[in-house]
Amino acid sequence: MTSPPVTGPAAVPEHRGGPGPARFRPRRATPAGTARPKRRGLLKYWRQYLAISPFYLIFAAFSFFPVFYSLYLAFQRWDGMGTMQFVGLQQFRFLWDDPVFWLSIRNTLVIWVLSTVPTLLGALVLATLLHSVRRFKGFYRIALYVPNVTSIVAVAIFFGAVFSNNFGLVNAILGTVGISPVPWLSNPWLIKVVIALLMTWMWTGYNMIIYLAGLQAIPTSIYEAAKMDGAGPVRTFFQITVPIMRPIILFTVIISTINGLQSFSEPQVLFASNAANANLGGPGQAGLTTLLYFYQSAFLNNDYGYGAAIVWAFFLLIVVLVVVNWRITTRGRKG
Amino acid sequence: MDLSRRGFLQAAALTAAASGLTVACGGSSGSGGTKNGKNLTLWYWGGALSDKVVAEAKTHFASAVTLTTASIGGDFKQKLTTTLAAGTSVPDITGIKGEDIASFLPNASRFLDLNDLGFKKLSSQYLGWKTKLAQTKDGKQIGFPIDIGPTALFYREDFFAKAGVDTDPAKVAALVKTWDDYFQLGTELQKKNPGTYLVNNISSVFNIAVGQGTQRFIDKDNHFIGDQDHIHAAWTTAIRPYTLGIDAKINDQTWNAAVGKNLLTELGAAWHALDIEQAAPQTKGKWRVCANPVGPANQGGSYLALPKQCRNPEEAFKIISWILSPTNDARGFTDAAIFPAAPAAYAMPAMTGPDAFFGGQKIIEVFGPAAKAIPDSYEAPADAAVMAPYMTELTNIEAKGKKPDDAWKDAVSQAKQIARRQGVN
């Protein structure tokens with residue numbers, strides 16, 4: 001966030017419009033009688049404010065307003081067109097008693113753990129390996145990153161075909177070695193495994209690139225010192241690389257938490273609803289993530305108030321998880 | 001003076017802001033037009049209407065109005081809801097899907113009453129049960145029926161012949177008069193055709209069994225009745241093929257691969273013929289159709305409606321009654337496989353021809369009578385949402401081997417909850 005620049009008389013920049021060094025001066029008590037220059041100072045930068053305004057205007061219209069409007073909606077009953085009816089905390093009471101909501105939370109958490117852990121571990125290992133690669137560096141990096149920029153819908157359709165119960169590629173391969181078909185897309189656990197696998201495949205490369213950037217910032221002298229002290233590659237990894245990379249790991253853990261808990265497209269495309277069954281999430285609703293349940297409640301059942309209640313309850317959960325993550329990852333850092 | 005880059009940027013930014021403002025204002029002032037507008041827009045989705053008939057409508061009415069059509073992709077209902085709620089850029093004529101019509105009825109004030117525009121005189125040409133589904137309790141007609149989805153039993157003639165069953169549609173229909181007869185036939189067929197199944201999943205049985213009745217999950221007084229005998233009977237019927245082992249338990253896209261291989265029959269609406277044809281073109285000529293057990297139900301079938309903001313209601317009504325006249329409705333069947341809601345169309349050459357996919361069978365002889373025999377039923381706005389847990393629990397039985405009795409209890413308790421959330425008492 002940029003705060004309005006503090007401009008005392010001494011801080012008037014030499015040339016028109018230039019930011020001047022005063023911008024980064026520490027805030028201090030303004031001397032009496034400086035009201036006029038301060039106002040002028042704010043107005044003086046109107047071009048800069050105008051230049052950055054498109055983002056904030058769009059942000060206000062399409063993010064800020066809807067977020068708080070949804071909070072308002074969580075206390076109403078509304079079908080999207082008719083008149084709203086204030087119902088107080090009723091939606092949240094329904095939520096508390098709704099087994100499908102709790103099922104969706106469980107599904108989301110399981111899928112999140114099943115995808116985030118292998119994603120981050122895999123990314124760290126891959127980044128370490130790639131860091132020591134001498135040839136075809138560019139090729140490896142691009143190849144590992146490509147899944148992340150592939151259309152998620154295309155990937156989901158592909159996974160759906162590959163893991164198809166009766167005629168999928170995976171079951172066909174298992175069949176050739178004498179293993180009977182595995183119900184990938186109907187067993188409640190395997191459904192989650194397939195979704196998690198899809199997310200792992202998409203996000204490993206992204207995290208790998210971030211880790212790689214972090215690794216490249218570690219001076220080689222540290223490694224040389226470790227080598228001289230007789231540390232092997234495994235020990236170097238755990239005692240040099242991981243501790244130095246801690247802030248980067250923290251970043252990826254938090255981003256993965258936020259992304260992983262918001263899984264929506266993957267199960268939505270894998271288990272598209274059909275006319276016969278309006279419920280989403282596949283057999284047994286085992287792939288019903290919380291966001292998918294929100295989508296179903298609000299946009300398929302026209303119950304916008306309940307949908308809003310679902311996402312706000314879920315928001316609280318994400319906040320709790322991010323704080324827990326933060327505490328775990330930064331543990332022992334200050335002590 | 002230096003007309004610097006900064007100066008240029010300022011001017012550009014101001015121009016952009018000003019034009020944005022103009023557009024915003026222009027948009028809102030455009031909607032408050034008079035009621036004899038010359039430009040009409042029609043929203044529908046791919047396959048809802050015959051594109052040829054729509055194109056002809058444009059030229060047919062060119063002297064009176066300019067008709068612009070938009071084929072809206074994605075979640076049609078959601079887009080229509082948003083537009084109606086916003087109140088601007090509302091289409092003058094819009095399609096509404098059959099499964100969504102009930103949820104628009106509480107907001108009937110957003111639409112024009114077609115009876116005021118002359119639908120009363122035309123309504124006898126269309127199936128009464130279909131018309132009533134788009135009517136409010138006080139008799140306001142918001143939807144003009146496009147098509148319907150009468151159900152029937154599709155069956156594999158070759159599998160039947162192999163089991164020594166007479167494959168003539170009338171004979172098969174007589175064999176499967178009741179659900180019990182149908183399931184019994186299924187077990188016999190399965191013995192002669194190892195590895196095959198009678199039904200693709202038990203949800204399809206439940207869906208039709210519920211649709212055969214006059215009552216669904218919520219009654220006219222807005223009470224939840226999904227725990228009563230009529231639903232429980234449909235549930236018990238649906239469980240039978242599962243316990244008999246003649247249920248293929250297909251609940252995903254693998255249906256596409258299975259339909260040409262190991263399914264003996266398919267329960268579905270008239271439009272389902274196209275699904276089968278596309279999924280299993282190699283089975284051309286091997287399928288037949290006959291009446292499904294007990295009696296027909298309806299699945300799907302859409303409407304055209306005129307939102308309140310319609311800029312020229314008289315002309316718009318003329319257009320929709322032209323597009324949906326029995327003659328043009330019959331053409332919709334040829335062009336887009338939409339089954340007309342006007343019974344007069346069933347006798348027209350467009351519909352009475354033999355169908356090569358069904359071995360030259362005249363399938364209208366099955367669907368025509370079925371269409372007329374579908375019972376009047378009441379579908380509450382929350383019906384689709386309340387029905388969903390039953391479907392999910394039926395899937396749970398198939399996928400997880402959940403005990404049918406437990407599944408029933410869970411389905412009812414969840415349906416009750418959803419009903420309460422939706423304001424049903």
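Visitor: What percentage of the residues of chain B count as buried?
Guide: Of the 425 residues in chain B, 48% count as buried. A residue is buried if 20 or more other C-beta atoms lie within 10 Å of its own, exposed if 12 or fewer, and partly exposed in between, with C-beta atoms placed from the backbone. This is a predicted model, in which local features need pLDDT of at least 70 and side-chain atom pairs count only at pLDDT 80 or more, while totals for chains, interfaces and linings use all residues. Residues are numbered from 1 along each chain as its sequence is written, and chains are lettered from A and ligands numbered from 1 in the order in which they are written.

Visitor: And what percentage of chain A is buried?
Guide: In chain A, buried residues make up 30% of the 335 residues.

Visitor: What are the confidence scores?
Guide: The model scores ipTM 0.78 and pTM 0.80. Chain B averages a pLDDT of 89, and 92% of the residues score at least 70; pLDDT is the predictor's confidence in each residue, from 0 to 100.

Visitor: Where does pLDDT stay under 50 in chain B?
Guide: That applies over residues 21–33 of chain B, for which the model has 5 contacts beyond four places in sequence. Two residues are in contact if their C-beta atoms, placed from the backbone, lie within 7 Å.

Visitor: Now the interface. How many residues of chain B are in contact with chain A?
Guide: 37 residues of chain B are in contact with 33 residues of chain A. The elements of chain B that give two or more residues to this side include α1 (5–31), α10 (202–211), α18 (383–400) and α19 (404–421). The most comes from α18(B), with 9 residues. By class, the side of chain B that touches chain A holds 11 nonpolar, 19 polar and 7 charged residues. Here Ala, Val, Leu, Ile, Met, Phe, Trp, Tyr, Cys and Pro count as nonpolar, Asp, Glu, Lys and Arg as charged, and the others, Gly among them, as polar.

Visitor: Which elements cover the buried residues of α13(A)?
Guide: The cover includes α2 (46–73), β1 (76–77), α3 (90–97), α4 (99–132) and α12 (290–300) of chain A, together with α19 of chain B. Among the buried residues of α13(A) are Y304(A), I310(A) and F314(A).

Visitor: And α12(A), is that enclosed or open?
Guide: It is largely enclosed by the rest of the structure, because 10 of the 11 residues of α12(A) are buried. What covers the buried residues of α12(A) includes α4, α11 (265–270) and α13 of chain A. After α12(A) comes N302(A), whose phi is positive, near 60 degrees.

Visitor: Changing topic to sheets: what is the strand order in the open sheet of chain B?
Guide: The open sheet of 5 strands has the order β2-β1-β3-β9-β4, with mixed pairing. Two strands pair if DSSP finds at least two bridges between them. Since β2 (66–71) and β4 (144–145) of chain B stand at the edges, each with a single partner strand, one side of each is left without a neighbour in the sheet. Strands β3 (residues 93–96) and β9 (residues 303–305) of chain B run antiparallel, joined by 3 bridges, and G95(B) stands opposite L304(B) in β9(B).

Visitor: How is β6(B) placed, buried or exposed?
Guide: Strand β6 (residues 151–156) of chain B is mostly covered, with 6 of its 6 residues buried. T151(B), L153(B) and Y155(B) point one way from β6(B), and A152(B), F154(B) and R156(B) the other way.

Visitor: Which strands does β6(B) join?
Guide: β6(B) is joined by 5 bridges to β7 (residues 265–269) of chain B, running antiparallel, and by 4 bridges to β8 (residues 287–290) of chain B, also antiparallel. Y155(B) has T265(B) as its bridge partner in β7(B), and L153(B) stands opposite C290(B) in β8(B).
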